[in-house]
Each structure stands twice: as structure tokens, then as C-alpha cells.
Amino acid sequence: MDAARLLIGDANWPSEKCVNLLRRTLLFGKFPYGALRTLLLASRLIPLKTSRPLFTENDTAQSGFLLADGVLRYDPGGASERPTYLKPPAVIGEMALVTGCL
């Protein structure tokens, strides 16, 4: 399985695929096209290597992420809970940006 890729460059950035991914999320689904393009122009594509954490529970929130490709394992309670496997178009970390929590 390929590593996950996160929206948040290549020659085709941002693509219509990216806009369509945002439109499929609850958070961004009702935004007008121009707002989605502006959001994407301020973002970047980040490759995430397999088995590397995106962030840990003690990290300061600096970005929200949109899973664009692959599968991302989410461990909300660490080893105490079963992990959840996120698939595109999962929005990750957005609430920490708003609330200012870790």
C-alpha cells in the first residue's frame, strides 16, 4: 500500500480532484468554488511516509489536513482503544486549530 498523501506541489496543484475532495467533506462541502480554490492555493501536498505519525497528542496544532490518498490510521486513545482507519476525504486536526488545544 502506498503511503498516505495529505492536502495541506506539483505542476497541477491545485487540481480539480482536490476541489472535488473538499466538496465531499462535511466541513467544506457547502463552500463556493472560489473559496475552495483560495483554500487550496494556500495549502500544499505533503507525502506522509508509511508508519510515520502525522502528529502526536502533545503537538501544538498548526495545520488542518485533508487526506487525499491512501489510508491513515488514527489512534484517538493511544494503545487503550482500537484504531480507526481514515479514508479520503477525511479532514484531520481542524478542531485543534479552532479550539487552540494540543
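User: What kind of model is this, and which residues of helix α1 are buried?

Analyst: This is a predicted model. Helix α1 covers residues 16-23. Its buried residues are Cys 18, Val 19, Leu 21 and Leu 22.

User: Why can these buried residues be said to line one face of α1, and within what arc do they fall?

Analyst: An α-helix has 3.6 residues a turn, so residues three or four places apart point the same way. Viewed down the axis of α1, the buried residues line one face because they fall within an arc of 160°.

User: Which element gives the largest share of the largest nonpolar core?

Analyst: The largest nonpolar core has nine residues: Cys 18, Val 19, Leu 21, Leu 22, Phe 28, Leu 36, Leu 40, Leu 66 and Ala 68. Two or more residues come from each of α1, α2 and β3. The largest share is four residues, and the element that gives it is α1.

User: Which residues does Val 19 touch, leaving out those up to four places away in sequence?

Analyst: Val 19 is one of the buried residues of α1, and it belongs to the largest nonpolar core. Helix α2 spans residues 33-41. Beyond four places in sequence, Val 19 touches Tyr 33, Leu 36, Arg 37 and Leu 40.

User: How many residues make up the second, separate core?

Analyst: Among the members of this core are Ile 46, Leu 48, Phe 65 and Ile 92. Phe 65 lies in strand β3, and it is buried, with a relative accessible area of 11%. The number of residues in the second core is seven.

User: Is Thr 25 buried or exposed, and what is its relative accessible area?

Analyst: Thr 25 is placed in the loop between α1 and α2. Leaving aside neighbours within four places in sequence, it is in contact with Leu 66, Pro 89 and Val 91. The cut-off for a buried residue is under 20% relative accessible area. Thr 25 therefore counts as buried, its value being 7%.

User: Which backbone atom lies 3.1 Å from a polar atom of the side chain of Thr 25?

Analyst: The side chain of Thr 25 supplies one polar atom of this pair. At 3.1 Å from that atom lies the backbone nitrogen of Phe 28.

User: At what distance from the backbone oxygen of Leu 40 is a polar atom of the side chain of Ser 43?

Analyst: Ser 43 lies in the loop between α2 and β2. This residue is buried, with a relative accessible area of 14%. The distance from the Leu 40 backbone oxygen to a polar atom of the Ser 43 side chain is 2.7 Å.

User: In what sense do β3 and β6 pair, and which residue of β6 is the bridge partner of Phe 65?

Analyst: Strand β3 comprises residues 65-69, and four of its five residues are buried. It pairs with β6, residues 91-92, over two bridges in the antiparallel sense. The bridge partner of Phe 65 in β6 is Ile 92.

User: How far apart are the C-alpha atoms of Val 91 and Phe 65?

Analyst: Val 91 lies in strand β6 and is partly exposed at 25% relative accessibility. Its contacts beyond four places in sequence are Thr 25, Leu 27, Phe 28, Phe 65 and Leu 66. Although Val 91 and Phe 65 are 26 residues apart along the chain, their C-alpha atoms are separated by 5.7 Å.

User: Is the peptide bond from Pro 88 to Pro 89 cis or trans?

Analyst: Pro 89 lies in the loop between β5 and β6. Most peptide bonds are trans. For the bond from Pro 88 to Pro 89, however, omega is near 0°, and the bond is cis.

User: Which residues form the salt bridge found in the whole structure?

Analyst: Side chains of opposite charge can pair when their charged atoms come close. A search of the whole structure finds one salt bridge. Its closest N and O atoms are 3.1 Å apart, and the residues are Arg 73 and Asp 75.

User: Which residues are in contact with Pro 83, leaving aside neighbours within four places in sequence?

Analyst: Pro 83 is placed in the loop between β4 and β5, and it is partly exposed, with a relative accessible area of 27%. Asp 75 is also partly exposed, at 35%. The residues in contact with Pro 83 are Arg 73, Tyr 74 and Asp 75.

Terms used: Residues are numbered from 1 along each chain as its sequence is written. This is a predicted model: local features need pLDDT of at least 70, side-chain atom pairs count only at pLDDT 80 or more; totals for chains, interfaces and linings use all residues. Side-chain values use heavy atoms; hydrogens and water are left out. Buried means under 20% relative accessible area, exposed over 50%, partly exposed in between (1.4 Å probe, protein chains only). The arc is that of the directions from the helix axis to the C-beta atoms. A polar contact is a pair of N or O atoms within 3.5 Å; within protein, one must be able to donate a hydrogen and the other to accept it, and residues adjacent in sequence count only if both atoms are side-chain atoms. Contact means heavy atoms within 4.5 Å. Two strands pair if DSSP finds at least two bridges between them. A salt bridge is a side-chain nitrogen of Lys or Arg within 4 Å of a carboxyl oxygen of Asp or Glu. A nonpolar core is a set of buried Ala, Val, Leu, Ile, Met, Phe, Trp, Tyr and Cys residues joined through side-chain atoms within 4.5 Å.
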